[in-house]
Amino acid sequence: MPEVRPTGPGGSVSKRYKPFLDEWDRCFIDAVEEPGGYYMQLVQGQVPHELEGTLFRNGPGKFTIGGREIDHPYDGDGFVVSMTISGGKVFFRSRFVQTAEYKAEAQRGEVLFRGTFATQRRGHPLSNVLDLYVKNTSNTNVVCWGGKLLSLFEAGQPYELDPGSLRTMGLEDLRGHLPPGLPFDMGSRPANGVLGSLASLHQKRLGTAASLPPELFRAGGEAATAHPHLDSNTGRLVGFSYQVRPGGLLGGPLMATQFHFWELDSEGRMAAERRYDMPGFAFLHDFCVTENYYVFFQNPVTVNNAAYLFGTAPAGSCVRWVQNVPTEVHVVPRPGAAPHLSPRTFTAPPCFIFHHANGYEAQGGRKIILDSTHYDSLLQIVLDSIHYDSLPAVGKEALAQQGVDGDVAFKSRLRRVELDLDSGSLSVRTHFSAYLEMPAINEAYFGRKHRYVYGYKSDFDNPQIGIAKIDTEQRQADVWMPGYQRFASEPKFVPRPGATAEDDGWLLTVVNHSGAPRPAIAAMSPPFAGRGTSYLVILDATNVRAGPVAVLQHRSCVPSGLHGSFVPACHGLPHWE
């Protein structure tokens, strides 16, 4: 995902990318809640009558607190929307996630907590020194499972929402399997007690302790991923949580990470779980699930703990790229896999990965294939992923010591990594040579062999973001671009009822308009009005370049979001229907 104002040791990004950033920046507009909801206005085409269900999306929606602009858009409070499609119409509803932090800051009218990317209390570093508590913005993803709607943020616990009204119900602990609290384990109950007491005392000194549930200060908690996946092989929702532990034994890394992989059945009950210990620090946003394995990449990054502890920078800005260190791919057998299978680690060329499209096993489980988005700093079983060559900048306040190249965030590539479990070798090849992010597939194929990957494609020279469909067999792309100053978001694939072909269905995306259109460009895209507007766009997945099947406008702008999910049930329709 492109980050706002990424900086590196040599300064800001290249001049080529600044106009794109300026336009994309304008898509982050303070959201207006619509808790009662309304029917969206159809401005082009017709909504297919076979298309039924609810699209949920989450992303930051509040960028000013008490008149102060926050310092990074991804530090904004979570804003969840639902778009319920039924009978050729779309009903829209939206609410902010009522986290404890959101309510406290709204009441006081000021920034009270440290953000993840760049936002800190005024008067830093003294007002932020030794504060280990990171604000749970609950702004990254939203998943409907087991009768609950879960708003997700990977540095904290999920919040449960009502899927119909979007009201916040409270923190979610997965029926006691996800302990709340700071995701740090000091190795013993007394040591955890001391750390938790210090964290609580610090919040009391700052005057914020009374605003937060006391269990959030306990050490030994777990933070949950914002990217659980529906495994098509088992029908389970598979995710993970984690906690950081002291390392350094026998000269090893100073930190270690324990992962808690869990699998929930359709009722939300724990069906299987496994723990896995990994030396070092893991900047882990996403992972893959195959028939027998969990697979994730350990990007070559570390953390400047001193800068964080002394309050000079928030957590995200303390992450550093480590030059000339390979990426490691961890392959962990799932519960129930054959007893002779054991965890394995593969070594890949240096790369950084936020998102995977899918992973699956080939040749009777002897090879794993991964399709991922790479930033050239990644890996394979077959894994299709988005790769970056190194660490993309994670905030305007990024430290020079991070070793961040400001332009890396604009050079992601969809690559395939293949892991050969017999020889221990891996290979990497590029599927799509242009920028791609937010990959998606037909989720009926998740964990199994797929052909098509969808994602958003940026045009940095004529600022806009469109939707691309990548045929991984033919190595061809089918692309729709919405026009100058129009920015599409993560696409979600919805299969056509009764479909047998993998790509027989629709792609749903929200498009934001960032400014007044140039006349020549406006004539090409009449459905999209001026700045501060947003739309639901429906595309035919078999013919993306043909453009929208239907375009529907929001009454007030929905700011540029992050992730979401689609379910075939129609949640939140007005009570009079």
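Let me begin at the start of helix H3, where a side-chain oxygen of Ser-188 reaches to within 3.2 Å of the backbone nitrogen of Ala-191. This is a predicted model, in which local features need pLDDT of at least 70 and side-chain atom pairs count only at pLDDT 80 or more, while totals for chains, interfaces and linings use all residues. Residues are numbered from 1 along each chain as its sequence is written, and side-chain values use heavy atoms, with hydrogens and water left out.

H3 covers residues 189-206, Val-194 among them, and helices here are DSSP runs of H or I with at least four residues, numbered from the N terminus. With its 18 residues, H3 spans 26 Å from first C-alpha to last, close to the 26 Å expected at 1.5 Å a residue, the expected span being 1.5 Å times one less than the number of residues.

Which residues of H3 are buried? They are Asn-192, Leu-195, Gly-196, Ala-199, Ser-200, His-202 and Gln-203, where buried means under 20% relative accessible area, exposed over 50%, and partly exposed in between, with a 1.4 Å probe and protein chains only.

Finally, just after H3, Gly-207 adopts a positive phi of about 80°.

Key:
Helix = DSSP H or I, 4+ residues; strand = E, 2+ residues; numbered from the N terminus. Polar contact = N/O pair within 3.5 Å; in protein donor to acceptor, adjacent residues only side chain to side chain.
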